[in-house]
Amino acid sequence: MPLLQVEELRVSFRTADGIVQAVRGVSYDVEAGQTLGIVGESGSGKSVSTQTIMGLTRGAQVSGRAVFEGKDLLTASTGDMQRIRGAKIAMIFQDPLTSLHPYYKVGWQIMEMIQQHESVSKDDARKRAVELLRLVGIPHPDRRVDDYPHQFSGGMRQRAMIAMAMALNPALLIADEPTTALDVTVQAQVLRVIQRMQEMFGTAVILITHDLGVIADVADEVLVMYGGEVMERADRRTLFFNSHHPYTEGLLQSLPAYGGARERLRPIPGQPPSLLSPPPGCPFAPRCPYVMDRCRTEDPPLAAAGEEPGHISACWLPHRGSERAELRRKLLEAEPAGTAPSAGGA
Ligand SMILES: Nc1ncnc2c1ncn2[C@@H]1O[C@H](COP(=O)(O)OP(=O)(O)O)[C@@H](O)[C@H]1O
Ligand SMILES: [Mg+2]
């Protein structure tokens with residue numbers, strides 16, 4: 001049985017402008033010790049879907065199931081969630097100052113975290129805090145344990161947040177854009193720290209990012225989200241080398257490494273959809289280079305997309321590689337709908 005099983009998760013918010021359908025029927029599993037990458041442009045519903053599982057989206061209308069170690073987190077009591085959060089499922093965010101309190105020493109905060117959930121002496125908690133800081137690569141952890149967050153650099157704060165997240169040896173770590181605010185070198189270091197901690201502790205990780213490059217080296221499985229829905233899911237190799245969905249293709253083409261260094265980056269033209277009364281059909285249809293009439297009226301269901309087990313995609317393009325390639329070529333060659341000169345004139 002998977003460690004976490006999310007089924008048909010739907011989340012919406014009532015706002016002054018109407019109902020925002022942030023997450024529209026998302027399902028996925030996370031196996032113990034594995035890394036699931038969730039990728040998609042900003043506004044795809046990545047954060048809302050995981051925050052909801054943690055009981056952190058107040059005022060939202062939620063349906064579906066999120067079964068963790070046999071318990072549905074969406075219906076768990078406040079007390080149960082308090083016991084699970086931090087101890088069994090830990091979270092780290094883009095901005096460490098949402099987890100680290102500026103007024104308290106870094107080490108003290110890690111000790112608090114440990115002592116809230118376990119009956120250990122202050123001395124032992126402190127020893128563990130120093131050890132955790134050492135494991136995430138903080139130099140002189142026995143001294144830096146008494147620093148305040150502002151005495152740490154951005155990268156060190158991120159490491160300290162990882163140390164705090166790992167303090168109780170959680171079964172699952174949710175990392176939401178953990179490296180987005182960091183420069184590229186520090187980004188790679190922080191990703192390595194997460195990976196090392198995961199190997200050492202056997203933790204499962206959900207790594208959320210808008211940047212496919214971040215998960216290229218670390219994810220076992222990848223979930224591509226767009227417009228609050230899952231567009232494609234595949235193991236990492238299949239996703240990078242044999243993806244099916246045009247949205248995934250767009251994300252791949254906007255990667256710096258794709259197609260050689262001399263090729264210019266090609267961001268996907270257009271903007272993600274508004275989730276206030278989203279139109280029928282595929283959410284990606286307005287930006288899709290292969291759009292067909294059907295795509296604008298019928299939302300394609302997730303279906304098996306090729307030979308790899310577990311590879312699914314929500315797209316009306318043929319799932320057989322050769323047929324797909326041929327149809328794509330025809331669709332690209334055809335005049336874009338509405339711009340073709342009318343035959344015969346008026
Ligand atoms: N509390 C809220 N109230 C209303 N809309 C929200 C709220 N939180 C998020 N949203 C909307 O939900 C959508 C998905 O947001 P989010 O999950 O943060 O996207 P991502 O993490 O993929 O960038 C966005 O359109 C966002 O504006
Ligand atoms: Mg987000």
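Student: Is Met81 buried, partly exposed or exposed in this predicted model, and which count of C-beta atoms within 10 Å decides that?
Tutor: The model is predicted, and Met81 sits in helix 2, residues 78-84. A residue is buried if 20 or more other C-beta atoms lie within 10 Å of its own, and exposed if 12 or fewer. Met81 falls in between, so the class is partly exposed and the count is 15.

Student: Leaving aside neighbours within four places in sequence, which residues is Met81 in contact with?
Tutor: Contact here takes C-beta atoms within 7 Å. With neighbours within four places set aside, the contacts of Met81 are Gly55 and Ala76.

Student: Is Asp123 buried or exposed?
Tutor: Start with the place: Asp123 belongs to helix 4. Next, count: 9 other C-beta atoms lie within 10 Å of Asp123. The cut-off for exposed is 12 or fewer, so Asp123 is exposed.

Student: How far apart in space are Asp123 and Met111, C-alpha to C-alpha?
Tutor: In sequence, Asp123 and Met111 are 12 residues apart. In space, C-alpha to C-alpha, the distance is 9.3 Å.

Student: Which word describes helix 4 relative to helix 6: parallel, perpendicular or oblique?
Tutor: Helix 4 spans residues 122-135 and helix 6 spans residues 154-166. They pack at an angle of about 130 degrees, with axes 9 Å apart. That angle makes helix 4, relative to helix 6, oblique.

Student: What class are the residues where helix 4 meets helix 6: nonpolar, polar or charged?
Tutor: Helix 4 brings Leu132, Leu133 and Leu135, and these meet Ala160, Ala163 and Met166 of helix 6. The contact has no polar and no charged residues. The 6 residues are nonpolar.

Student: Is the crossing of helix 4 and helix 6 left-handed or right-handed?
Tutor: Picture helix 4 passing helix 6. The crossing is right-handed.

Student: Which helix gives the largest share of the side of domain 1 that touches domain 2?
Tutor: Domain 1 covers 1-88 + 170-272, and domain 2 covers 98-167. Their centres, taken over C-alpha atoms, are 26 Å apart. The contact takes 14 residues from domain 1 and 12 residues from domain 2. On the domain 1 side, the largest share, 7 residues, comes from helix 7.

Student: How many residues of that domain 1 side are nonpolar?
Tutor: Take the other classes first. There are 2 polar residues and no charged ones on the side of domain 1 that touches domain 2. The nonpolar count is 12.

Student: What is the phi of Glu177, and where does Glu177 lie?
Tutor: Glu177 is not a glycine, yet its phi is positive, near 50 degrees. Glu177 is partly exposed, with 19 other C-beta atoms within 10 Å. Its place is the loop between strand 7 (172-176) and helix 7.

Student: Is Ser277 buried or exposed?
Tutor: Ser277 also has a positive phi, of about 40 degrees, although it is not a glycine. Ser277 lies in the loop between helix 10 (246-253) and strand 11 (303-304). With 10 other C-beta atoms within 10 Å, Ser277 is exposed.

Student: What covers the buried residues of helix 10?
Tutor: In helix 10, Pro246, Tyr247, Thr248, Gly250 and Leu251 are buried. Their cover includes strand 3, helix 8, strand 9, strand 10 and helix 9.

Notes
Residues are numbered from 1 along each chain as its sequence is written. Chains are lettered from A and ligands numbered from 1 in the order in which they are written. This is a predicted model: local features need pLDDT of at least 70, side-chain atom pairs count only at pLDDT 80 or more; totals for chains, interfaces and linings use all residues. Axes are lines fitted to C-alpha atoms, for helices over the stretch in contact, and angles run from 0 to 180 degrees between N-to-C directions. Helices (H or I, at least four residues) and strands (E, at least two) are DSSP runs, numbered from the N terminus. Angles under 35 degrees count as roughly parallel, over 145 as roughly antiparallel, 65 to 115 as roughly perpendicular and the rest as oblique. A crossing is left-handed if the near helix is turned anticlockwise from the far one by less than a right angle, and right-handed if clockwise. Two residues are in contact if their C-beta atoms, placed from the backbone, lie within 7 Å. Ala, Val, Leu, Ile, Met, Phe, Trp, Tyr, Cys and Pro count as nonpolar, Asp, Glu, Lys and Arg as charged, and the others, Gly among them, as polar. Domain bounds come from an automatic or database domain assignment.
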